[in-house]
Amino acid sequence: MTKTTLLLSAALLMSGFAHVPANAHDQIAHKTERTAPSDPKLTVETITDNLHVLFGPGGNIGVSSGPDGVVLIDDKFSRNAEEILYHVSEIAGENDELLFVINTHLHGDHTGSNPEMKQAGALVMAHDNVRARMGTSYMNKAFGRMNEAKDEAFWPVVTFSDQASLHFNGITARAVHTPSAHTDGDSIVVFEEPNAIHMGDNLFLDMFPFVDVDSGGSMQGMIAAHDVALELADDETVIIPGHGSITDKAGLQETRDNLQIILDRVSELKEAGKSLQVIIEEDPLADMSEMANFIQKDGIITAVWRSLGGDID
Ligand SMILES: [Zn+2]
């Protein structure tokens, strides 16, 4: 090993670069040592031999596999880490080396296993604001609680401002930042092969979305994120939402149209001078009640109100 290589290795180790050979891989068992979970929480959907989605608690995980190894889009909660790694091994067989985890945004149901995935060899990457916000405590007004800063073990080690292209398994995947959308650190991940887009939490399918205004998100930005993906997608594109089932370009368009209706209705009432409380009482989303799930009607109306500059203090 040359001096340069040694220095580089040392620098990578110090920076938390996760491609640490042998010893790190020993800490989490490889395929032969991984056993099926006794209390499984996750289910696997096969898009193609090289792209799978893990459903269950937290955000949907994209698993892109091939001869070089595996790239994950998001990694649910820490308690799901062992089961995620089990599925990675089941899907990828001997090529189960973790290359990258792309975090679509900072939320704990998408980044909760970052420490375990780093330990298993993954390099975790995300938009600049994901790392910045993970290191900062803030008041989450939407849920009336403090969100405490995360330990450095959770932080992405490679960040980008606009977009990043990853080249692996003979394909290119692009992480494309969507400004001030679900948060101010979101990316959608565009796969050229197979033809697929992971939307992260810019897409909640068949339910009101969570717009995290306290983390720099906005309804207008979420709609714009849909437009970015609609521009990139064709009728064959597989659309993977952050929450909800797999859909296609038509499903994405339908969701985009619903978000626009919600924005327009709340905007009109706000411009007419009505208070947030009066708008909620007038129930402008009465015909969308079936979309109430994680977020209720008052929650989405409040998020849109705040996206339009309205105060809730
Ligand atoms: Zn989220």
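The model is predicted: local features need pLDDT of at least 70, side-chain atom pairs count only at pLDDT 80 or more, and totals for chains, interfaces and linings use all residues. Residue numbers start from 1 along each chain as its sequence is written.

**Exercise 1.** State whether threonine 43 is buried or exposed.

Solution. A residue is buried if 20 or more other C-beta atoms, placed from the backbone, lie within 10 Å of its own, exposed if 12 or fewer, and partly exposed in between. Threonine 43 has 10 C-beta neighbours inside 10 Å, so threonine 43 counts as exposed.

**Exercise 2.** List the buried residues of helix α3.

Solution. Helices are DSSP runs of H or I with at least four residues, strands runs of E with at least two, numbered from the N terminus. Helix α3 covers residues 81–92. Its buried residues are Ala81, Glu83, Ile84, Leu85, His87, Val88, Ile91 and Ala92. After α3 comes glycine 93, with a positive phi near 60°.

**Exercise 3.** Describe how helices α7 and α8 are oriented to each other.

Solution. Take α7 (residues 219–232) and α8 (residues 249–271): their axes come within 10 Å and cross at roughly 155°. Axes are lines fitted to C-alpha atoms over the stretch in contact, and angles run from 0 to 180 degrees between N-to-C directions. Angles under 35 degrees count as roughly parallel, over 145 as roughly antiparallel, 65 to 115 as roughly perpendicular and the rest as oblique. Therefore α7 and α8 are roughly antiparallel.

Terms used. Expected span 1.5 Å × (residues − 1).
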